Amino acid sequence: MTIILFFILGAVIGSFMNVCIYRLPRSKSVVRPRSHCIYCQKTIPWYDNIPILSFLALRGKCRFCGAKISARYITVEILAGLISALLFARFRLSAEFFILWYLSGALIVASFIDLEFQEIPDEITIPGILVGLSAAALYPPLMGEAKFLPAVFQSFLGVIAGGGSIYLIGFIGEFIFKKEAMGGGDVKLLAMIGAFLGWKLTVFTFFLAPFFGSAIGILLKIKEGRDIIPYGPHLSLAAIVAVFYGEAILKKLFLF
Ligand SMILES: [Zn+2]
């Protein structure tokens, strides 16, 4: 029962994420004005703004002008709801739950902006890094530590390992292919993931991401004939897997 409640809560926050995904890359405020149709500019009434249900009821069209609403809206709401429910099922109402809830929200917003614009705004990743470091400081068990200092150190190592590994790959890629291989947005995204997960799970995320990379890349190529494959969604997906299964998989692989 509570799991359903957290699905709904997640979907509600997902609809705020949709606002961020649309407005952040366009340098618009995410709090004002109220939601409106991007085609006819009419303010969306509250009953057309109910996560998931409104999209289904309106069959993905604006009530006033009939313009098609991107399927991204309902996708993000369902995804946010699912991750929220899964996090609650795993961590219950713990500090970990709220910290990882924040991380998953940041990852969803970053990924969908990256899919559309091939960039990840600093407005997500820079505060994200700070939130991750602070979370480790305030709640050391997040890093598997008992004390403040070692926990912050672990989180800091995560930032270095995450940012450093992508930066290095980008540097090598540029050297070999003579063109930009990895964006600065990806560097900061994995640095943010590192701040939340510590260095071990961040290295895990780094090595897992390319496997999703090829799957999403092929899908995008077929669907839209794209050449440039945004890397943010792959890192994000790998980070979510790391949150749920990383420790268990690492234990199996290396016995630690
Ligand atoms: Zn409209």
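**Zinc site and salt bridges**

Student: Why is R63 called partly exposed?

Tutor: R63 has a relative accessible area of 46%; buried means under 20%, exposed over 50%, and partly exposed in between (1.4 Å probe, protein chains only). R63 is therefore partly exposed. The model is predicted, so local features need pLDDT of at least 70 and side-chain atom pairs pLDDT 80 or more, while totals for chains, interfaces and linings use all residues. Residues are numbered from 1 along each chain as its sequence is written, and side-chain values use heavy atoms, without hydrogens and water.

Student: How do you know that D48 and R63 form a salt bridge?

Tutor: Their side chains meet at 2.6 Å, N to O, and the rule asks for a side-chain nitrogen of Lys or Arg within 4 Å of a carboxyl oxygen of Asp or Glu. D48 is in the loop between helix 1 and helix 2, and R63 in the loop between helix 2 and helix 3, 15 residues apart. D48, at 11%, is buried.

Student: What makes the arrangement around the zinc ion tetrahedral?

Tutor: The zinc ion is coordinated by the SG atoms of C37, C40, C62 and C65 at 2.2 to 2.4 Å; donors are N, O and S atoms within 2.8 Å of the metal (3.2 Å for Na, K and Ca). The four donor atoms subtend angles of 106 to 118 degrees, and four donors count as tetrahedral if all angles lie between 85 and 135 degrees. The arrangement is therefore tetrahedral.

Student: Why does C62 count as buried?

Tutor: C62 has 11% relative accessibility and therefore counts as buried, whereas C40, at 26%, counts as partly exposed.

Technical notes: Four donors count as tetrahedral if all angles lie between 85 and 135 degrees; four count as square planar and six as octahedral if opposite donors are over 155 degrees apart and all others between 65 and 115; anything else is irregular. Helices (H or I, at least four residues) and strands (E, at least two) are DSSP runs, numbered from the N terminus.
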